[in-house]
Amino acid sequence: MIALAIALPIAVPIVAILLYFFVPASATWVHLRETVLLEYIGNTVALLLCVACVTALVGVGCAWLTATKEFPGRHVFAWVLILPLAAPAYVVAYAYGDLFANLAQVQSWIQEVTVSDLRLPSIRSLPGAALVLGFTLYPYVYLLAYNAFAEQAAPMTEAARTLGLTPRRVFFKITLPHARPAIAGGLALALMETAADFGVVEFFGVPTLTNGIFRTWYAMGEHQAAMQLAGWLFAIVVLLVVLERIARRGLHANPVSRNAPGVRTRLRGWRSLIAVVCCALPLLFGLAIPVLVLLRHAIETGDPTFGMQFLDYVLNTVSVATITAILAVIFSVCLTYAARLQGDRAILRLGVRTATLGYAIPGMVLAIGVLGPLTSIDRTFAMWVQSTFDVNIGLIMTGSAAALVFVYLARFLTVSFNSVEGGMARIHPNYDDAARSLGTKPIRTLSRVHLPLLTPALLTAFLLVFVDVVKELPATLILRPFNFETLATRTYRLASDERIAEASTAALLILLVGLVPTIVLAAQRFGLRRSKLLQV
């Protein structure tokens with residue numbers, strides 16, 4: 001029952017979106033369908049394909065180098081390559097938009113002096129958006145591909161080499177196919193984030209479905225047409241999930257007799273230099289350049305409201321992020337412990353799967369889908385209170401930050417659940433059996449046995465959800481109460497007015513906050529310790 005109680009509210013926006021597929025077409029929807037719908041879908045699919053190419057090339061290439069080769073700095077690159085995951089894609093887009101604006105001035109000067117027709121490529125385009133998203137989302141692919149390459153058994157490649165296969169054929173015939181399910185999983189996560197992106201495509205002027213939904217909702221005031229556009233975006237995300245499931249077939253393989261990891265091949269000379277450059281470029285483009293651009297603006301200009309008013313943005317952000325993270329951890333513990341006690345029940349598995357579906361759904365879709373049902377509930381409850389107690393309480397959910405917390409929770413509960421579930425899986429069932437033999441009730445076993453052992457996983461879950469909420473933009477723009485600014489909306493509002501220098505303060509703070517769980521993730525995955533900081 002706990003799993004169903006948690007899953008039901010999350011299913012509401014999904015059902016609301018799907019129901020709009022059966023609503024009679026309005027004049028606005030007919031106009032959108034005949035004029036821009038194909039463009040929105042085409043640009044969205046093209047962006048997904050381009051981002052898939054960039055993330056696969058960068059993520060797989062860097063993972064293969066750091067997992068299977070030995071070269072100068074490999075032990076450092078192995079974990080710092082995930083750091084661009086801390087940078088929200090829209091923050092990186094704002095930095096590059098400003099950088100290329102300055103380069104455009106240089107181009108004009110060169111044309112005037114040399115009378116040359118030199119033209120630099122425009123970053124504000126679909127390829128530019130794909131590059132920005134690719135260099136910030138490749139760590140999803142890198143992390144999973146690194147695991148796959150590092151854990152491959154050496155006898156497979158040794159047997160292939162004894163049969164006369166060249167290193168290139170070994171890579172394409174054995175190494176890459178063995179890692180295919182992991183790469184597919186990483187690509188699916190990166191593409192889901194791409195489909196959900198609004199900040200990058202809006203700033204670069206790329207008409208995708210998320211951009212169209214926001215314009216239809218706010219500029220045109222057509223909520224029904226926006227819901228129907230959201231339905232198309234949801235369909236694309238579902239297709240991505242299905243394709244990911246298909247690509248993950250064959251994840252399990254029969255173990256070999258000597259399941260030992262392969263020995264890294266040492267690269268020398270120009271080959272080691274190429275490896276260093278290949279690993280350094282993603283860090284340069286995905287993190288270093290944007291940070292330097294924003295840092296320069298923050299020092300020279302910065303946010304004009306820096307002080308008490310800026311503190312309000314920070315407090316708003318921290319408050320909703322903290323509340324959401326705490327609730328997410330509590331709900332995750334409830335779900336994982338219920339699954340541990342009664343994991344064989346079909347209704348429980350359905351509830352858990354539904355409750356953790358939200359991460360696959362763009363925040364904008366969830367926000368639009370939940371707004372209608374929440375408004376109806378709010379109005380019904382307000383009318384009941386007015387008629388019963390003669391008190392006008394207004395709109396409780398949709399008129400406050402509660403709606404924001406609800407959508408954040410629906411979207412990021414999966415992140416918390418995965419962390420807590422992993423921690424719970426490492427607790428041996430014998431602990432439960434021993435507690436049960438002593439007559440301890442399940443709730444007491446949870447509080448006295450499981451929660452102390454789960455402390456690291458709970459902390460990780462809290463940090464990951466906290467940072468995801470801090471970075472979330474589209475859902476916040478749609479559902480935030482009047483005059484409720486967060487760091488994300490402050491950054492967006494200034495950047496959309498081309499005030500990048502003033503937006504740099506909030507953008508840098510978001511990025512710095514995002515570095516905290518990213519470093520924690522690196523420490524967990526690569527076993528960083530003070531005494532082993534440079535060893536993997």
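**Exercise 1.** At what angle do helix 1 (residues 2–19) and helix 14 (residues 346–355) pack, and how far apart are their axes?

*Solution.* The model is predicted, with local features requiring pLDDT of at least 70 and side-chain atom pairs counting only at pLDDT 80 or more, while totals for chains, interfaces and linings use all residues. Residues are numbered from 1 along each chain as its sequence is written, and side-chain values use heavy atoms, leaving out hydrogens and water.

Step 1. Helices are DSSP runs of H or I with at least four residues, numbered from the N terminus. Axes are lines fitted to C-alpha atoms, for helices over the stretch in contact, and angles run from 0 to 180 degrees between N-to-C directions.

Step 2. The angle between helix 1 and helix 14 is about 40 degrees, and their axes lie 8 Å apart.

Step 3. Helix 1 and helix 14 are therefore oblique to each other, given that angles under 35 degrees count as roughly parallel, over 145 as roughly antiparallel, 65 to 115 as roughly perpendicular and the rest as oblique.

Step 4. The crossing of helix 1 past helix 14 is left-handed, meaning that the near helix is turned anticlockwise from the far one by less than a right angle; clockwise would be right-handed.

**Exercise 2.** Determine how helix 6 (residues 126–150) is oriented towards helix 8 (residues 167–196).

*Solution.* Step 1. The two helices pack at an angle of about 150 degrees, with axes 8 Å apart.

Step 1. Helix 6 is therefore roughly antiparallel to helix 8.

Step 2. Helix 6 passes helix 8 in a right-handed crossing.

Step 3. Residues in contact (heavy atoms within 4.5 Å) include Leu133, Leu137 and Tyr140 of helix 6 and Thr175, His178 and Ala179 of helix 8.

**Exercise 3.** Which residues have the most contacts inside the largest nonpolar core?

*Solution.* Step 1. A nonpolar core is a set of buried Ala, Val, Leu, Ile, Met, Phe, Trp, Tyr and Cys residues joined through side-chain atoms within 4.5 Å. Buried means under 20% relative accessible area, exposed over 50% and partly exposed in between, with a 1.4 Å probe and protein chains only.

Step 1. The largest such core has 156 residues, and Tyr142, Val200, Phe204 and Phe526 have the most contacts inside it. Helix 6 gives the most to this core, with 16 residues.
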